[in-house]
Amino acid sequence: MIEIDDVWKSFDDGKIAVLKGVSLQVKSGELLALCGTSGCGKSTLLSLIAGLEDCDRGVVRIDGRVWQSEREKVSLLRREVGFVFQLHHLMPDLTLEENCLVPVIAVGGSMSAAKIRMRELADMTGVGHRLDRSVRELSGGERQRGALVRALMNDPRILLADEPTGALDEENREIVFQLLLDLVRKGGKTLVMATHDKEMAQRCDRVLQMRDGRIVS
Ligand SMILES: Nc1ncnc2c1ncn2[C@@H]1O[C@H](COP(=O)(O)OP(=O)(O)OP(=O)(O)O)[C@@H](O)[C@H]1O
Ligand SMILES: [Mg+2]
């Protein structure tokens, strides 16, 4: 479902080399953990898969397709890929509900269906009682769970999650991880998750270890 072929990425006009020839394939319905020390390139790799950054070299294919145009890329990614950012990136002045509805508006989806789905997901992750609060009033863990709800609003086939449980206590970490597991095992989604949590990584189908911009095992 996701193919990454010899991808290179640098920043600052090539001065900061971050990814140095990464290749990997993720099968449909697979739960993959990306591990490695801080700064090894996990978030950058997820951003490339999500089309938020362009590769310097190499290709990323989703379902065997490479984008022919920006328009095609945006249209596909909005529907098929959900992204839970490491720093959540919710809009602080909007309520959690408004944040969650933004991706639905972006694809012209049904608001009434979206609100039912949002309520279900928010209750499952324990933020149902926070939907009408502005994001700046939420705790770090509530924001993180809210970001997961938002990523799932358009029912994407692929979920990219960057440290989705980093800000959570043990109980909420388990709740969120179980939800992620269910999304893959019962919902058939494909999940790539960057994590520092070894115990969670071991419960994934496969663990890729990155070091200094390369996959080492
Ligand atoms: N936009 C950018 N401009 C310049 N350097 C960047 C940019 N984005 C990332 N980097 C650098 O690329 C390297 C990899 O960053 P990345 O965020 O991918 O690491 P990571 O593996 O996700 O780390 P962490 O575990 O701390 O989240 C870091 O050295 C970082 O400083
Ligand atoms: Mg990161």
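Modeller: V59 touches D5 and V66, leaving out residues up to four places away in sequence. Contact here means that two C-beta atoms, placed from the backbone, lie within 7 Å. This is a predicted model, in which local features need pLDDT of at least 70, side-chain atom pairs count only at pLDDT 80 or more, and totals for chains, interfaces and linings use all residues. Residues are numbered from 1 along each chain as its sequence is written, while chains are lettered from A and ligands numbered from 1 in the order in which they are written.

V59 sits in strand β4, residues 57–62. Helices (H or I, at least four residues) and strands (E, at least two) are DSSP runs, numbered from the N terminus. V59 is partly exposed because 13 other C-beta atoms lie within 10 Å. The scale runs as follows: buried at 20 or more other C-beta atoms within 10 Å of the residue's own, exposed at 12 or fewer, partly exposed in between, with C-beta atoms placed from the backbone. F85 is 26 residues from V59 along the chain, and their C-alpha atoms are 22 Å apart.

H88 lies in the loop between β5 (81–84) and α3 (96–106). Its phi is positive, about 45 degrees, although H88 is not a glycine. H88 is buried because 23 other C-beta atoms lie within 10 Å.

D155 is in the loop between α5 and β6 (158–162). D155 is partly exposed, with 13 other C-beta atoms within 10 Å. R157 is found in the loop between α5 and β6 too. R157 has 18 other C-beta atoms within 10 Å, so it is partly exposed. Beyond four places in sequence, R157 is in contact with E80, K189 and T190. From R157 to S43, 114 residues apart along the chain, the C-alpha separation is 20 Å.

Ligand 1 is surrounded by 14 residues, the closest being F11, S38, K42, S43 and T44. The test is a C-beta atom, placed from the backbone, within 6 Å of the molecule. β2 (16–26) and α1 (42–49) are the elements that give two or more residues to this shell. α1 has the largest share, three residues. By class, the shell has five nonpolar, seven polar and two charged residues. Nonpolar means Ala, Val, Leu, Ile, Met, Phe, Trp, Tyr, Cys and Pro; charged means Asp, Glu, Lys and Arg; the others, Gly among them, are polar.

Now the helix pair. α4 (residues 111–125) and α5 (residues 140–152) pack at about 150 degrees, axes 10 Å apart. Axes are lines fitted to C-alpha atoms, for helices over the stretch in contact, and angles run from 0 to 180 degrees between N-to-C directions. M118, L121, A122 and T125 in α4 meet R145, L148, V149 and L152 in α5. These divide into six nonpolar, one polar and one charged.

V149 turns up again in the core. The largest nonpolar core has 57 residues, and those with the most contacts inside it include V149, L160 and V192. Such a core joins buried Ala, Val, Leu, Ile, Met, Phe, Trp, Tyr and Cys residues through C-beta atoms within 7 Å. Neighbours within four places aside, V192 is in contact with V26, L32, L34, L46, I49 and L160.
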